[in-house]
Amino acid sequence: MVDVGWYRNVGSASQPNFGIRNLLVKPAAENIMPEQNLKPYEDPALGVRAQICVTNYNGDGLKDLIVGAYSDFNWTRPLSKEKQSEFEELKQQQVEIVKLLLEGQVLVSRKGSNSRRTMVDVAEYQKLHEKLTQLDERKKELFVESRRASYVWLYLRKSGAEGKTVVGGDAK
């Protein structure tokens, strides 16, 4: 769901003026899960949960950009309308549970004086986690193949012909 872009500073360091946005990494999954559920022979998208690091990677004094991303890819078997509907329902339940789990992590991590309340939250959190595991198992029955992959993109800055710094390509 994350995409990565950059803006060229067409002004100066003391008075920046940024140009149009340049897309570097397209967005991928459209849910909060780090996975892509694909139809048979469908190509996965890149850029799920992109992480960005700005650093002088090659020691030339210019800031470079390193982008990393990962995803779980699940290719489904050819599904009947009934099975596709079941699969969509499983995915929706999964998203709802993950949202509750994320809220639960916040609740459980808070330190409060009511330890009994915390224990109830922990127990509820464990129940939700177990339900999520069961949903994952049911979904796996519909997959023909699953894989996990990580990607890294390196964008090196270089000085352009007019002294402007560019990412990756020629100065414009």
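Is E35 buried or exposed? E35 is buried, with a relative accessible area of 11%, where buried means under 20% relative accessible area, exposed over 50% and partly exposed in between, computed with a 1.4 Å probe on protein chains only. The model is predicted, so local features need pLDDT of at least 70 and side-chain atom pairs count only at pLDDT 80 or more, while totals for chains, interfaces and linings use all residues. Residues are numbered from 1 along each chain as its sequence is written, and side-chain values use heavy atoms, with hydrogens and water left out.

E35 lies in strand β3, which covers residues 35-38. The side chain of E35 makes a polar contact of 2.5 Å with that of K139 and another of 3.3 Å with the side chain of N37. Such a contact is a pair of N or O atoms within 3.5 Å; within protein, one must be able to donate a hydrogen and the other to accept it, and residues adjacent in sequence count only if both atoms are side-chain atoms.

Aromatic rings form a further topic. Rings of Phe, Tyr and Trp (its six-membered ring) pair if their centres lie within 6.5 Å; planes under 30 degrees apart count as stacked, over 60 as edge-to-face and the rest as tilted. The count by this rule is four aromatic pairs. In one of them, the ring centres of F73 and W75 are 6.1 Å apart and the planes stand at 45 degrees, so the pair is tilted. F73 is buried at 2% relative accessibility, and W75 is buried at 10%. Y151 and W153 form a stacked pair, with 6.1 Å from centre to centre and 25 degrees between the planes. Y151 is partly exposed at 27% relative accessibility, whereas W153 is buried at 17%. F73, W75, Y151 and W153 together form one aromatic cluster.

Note on methods. Helix = DSSP H or I, 4+ residues; strand = E, 2+ residues; numbered from the N terminus.
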